[in-house]
Amino acid sequence: MQLIYEKNPQNSMTITGDNYKYLFKVRRLKVGDEVNITDFKGIIYKYKITNISKKDANLLKIDESKIEQILKPFHIGWCQIDTKNIEKVLPSLNEIGVTKITFIECDRSQRNFKIKLDRIEKILINSSQQCGRLKLMEIEFCESLDKFLQNYPEAKVCDFGGEKINGYFKVGVVGCEGGFSQRERELFTSTIAFETPLILRSESAVVSLASKVLL
């Protein structure tokens with residue numbers, strides 16, 4: 001883990017819970033060791049461990065620095081699928097550098113699954129601590145593909161038979177299981193596609209798209 005998240009870093013703090021377990025049960029840090037903490041606002045706070053007890057530890061801030069961590073803007077409109085499958089690939093999308101995801105209720109989206117924002121945020125925090133990301137991914141929800149394309153007319157839609165994905169662009173759309181309805185396809189003026197004869201699952205497609213655009 002590269003960083004520890006604290007919502008409101010203070011000059012002196014007491015660490016408890018999961019962060020305490022990680023620092024002192026896993027990493028086995030000692031008094032005098034240093035810890036990097038962030039509030040995911042682009043700043044790293046450096047602390048020294050001053051005291052360790054059985055359930056908590058005291059830290060004293062010794063330095064802070066603003067870091068310009070520049071990520072290419074890339075926004076994915078993702079037609080909603082089973083939340084378990086979303087949660088499995090979300091850390092990968094976060095590590096690749098996706099800056100924003102909008103979950104869209106498309107015609108064929110699985111509406112019996114409700115995305116819990118607090119759970120999504122927890123996954124993103126854990127992933128960012130691991131990979132050293134200093135700003136959290138933005139999450140948004142949209143009621144329909146029609147509305148999303150109105151809001152982001154520059155979006156490129158992934159669908160079968162589209163043009164080869166080539167180069168960087170800022171907004172992409174990935175469908176859900178079963179793809180887009182005929183009504184939705186009539187909204188597109190053009191589409192993009194992967195160079196493969198195989199059918200990708202929605203979660204495979206979203207990771208592949210992010211990788212081709214950003215890496």
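Reply: Partly exposed here means a relative accessible area between the buried limit, under 20%, and the exposed limit, over 50%. Glu 140 has a relative accessible area of 23%, so Glu 140 is partly exposed. Keep in mind that the model is predicted.

Start with the partner of Glu 140. The side chains of Glu 140 and Lys 100 form a salt bridge, at 3.3 Å from N to O. Lys 100 sits in strand E7 (residues 100-104) and Glu 140 in strand E8 (residues 138-142), so the pair ties together parts that are 40 residues apart in sequence. Lys 100 has a relative accessible area of 12% and is therefore buried. The pairing also extends to another residue. Glu 138 joins Lys 100 and Glu 140 in a network of salt bridges.

Across the whole structure, a search finds 10 salt bridges. Two further pairs are worth a look.

Take Arg 183 and Asp 107. Their side chains meet in a salt bridge at 3.0 Å, N to O. This pair links distant parts of the chain, 76 residues apart. Arg 183 belongs to helix H5 (residues 182-185), while Asp 107 lies in the loop between E7 and helix H3 (117-131). Arg 183 has 37% relative accessibility, so Arg 183 counts as partly exposed. Asp 107 is partly exposed too, because its relative accessible area is 36%.

Next, Glu 195 and Lys 164. Their side chains meet in a salt bridge at 3.8 Å, N to O. Here the linked parts of the chain are 31 residues apart. Glu 195 is in the loop between strand E11 (191-193) and H6; Lys 164 is in strand E9 (residues 156-164). Both residues of this pair, Glu 195 and Lys 164, are exposed.

Asp 107 also gives a view of distance across the model. Ser 65 and Asp 107 are 42 residues apart in sequence, and their C-alpha atoms are 47 Å apart in space. Ser 65 is found in strand E5 (residues 57-66). Its relative accessible area is 32%, so Ser 65 is partly exposed. Leaving out residues up to four places away in sequence, Ser 65 touches Gly 42, Ile 43 and Ile 44.

Helix H6 (residues 202-214) packs with helix H2 (residues 83-96) at an angle of about 5 degrees, with axes 10 Å apart. H2 and H6 are therefore roughly parallel to each other. The residues of their contact divide into seven nonpolar, two polar and one charged.

Note on methods: Residues numbered from 1 in each chain as written. Predicted model: local features only at pLDDT ≥ 70, side-chain atom pairs only at ≥ 80, totals over all residues. Heavy atoms only, no water. Axes fitted to C-alpha atoms, helices over the stretch in contact; angles between N-to-C directions. Helix = DSSP H or I, 4+ residues; strand = E, 2+ residues; numbered from the N terminus. Parallel < 35°, antiparallel > 145°, perpendicular 65-115°, else oblique. Nonpolar A, V, L, I, M, F, W, Y, C, P; charged D, E, K, R; others polar. Buried < 20%, exposed > 50% of the residue type's maximum accessible area, 1.4 Å probe, protein only. Contact = heavy atoms within 4.5 Å. Salt bridge = Lys/Arg side-chain N within 4 Å of Asp/Glu carboxyl O.
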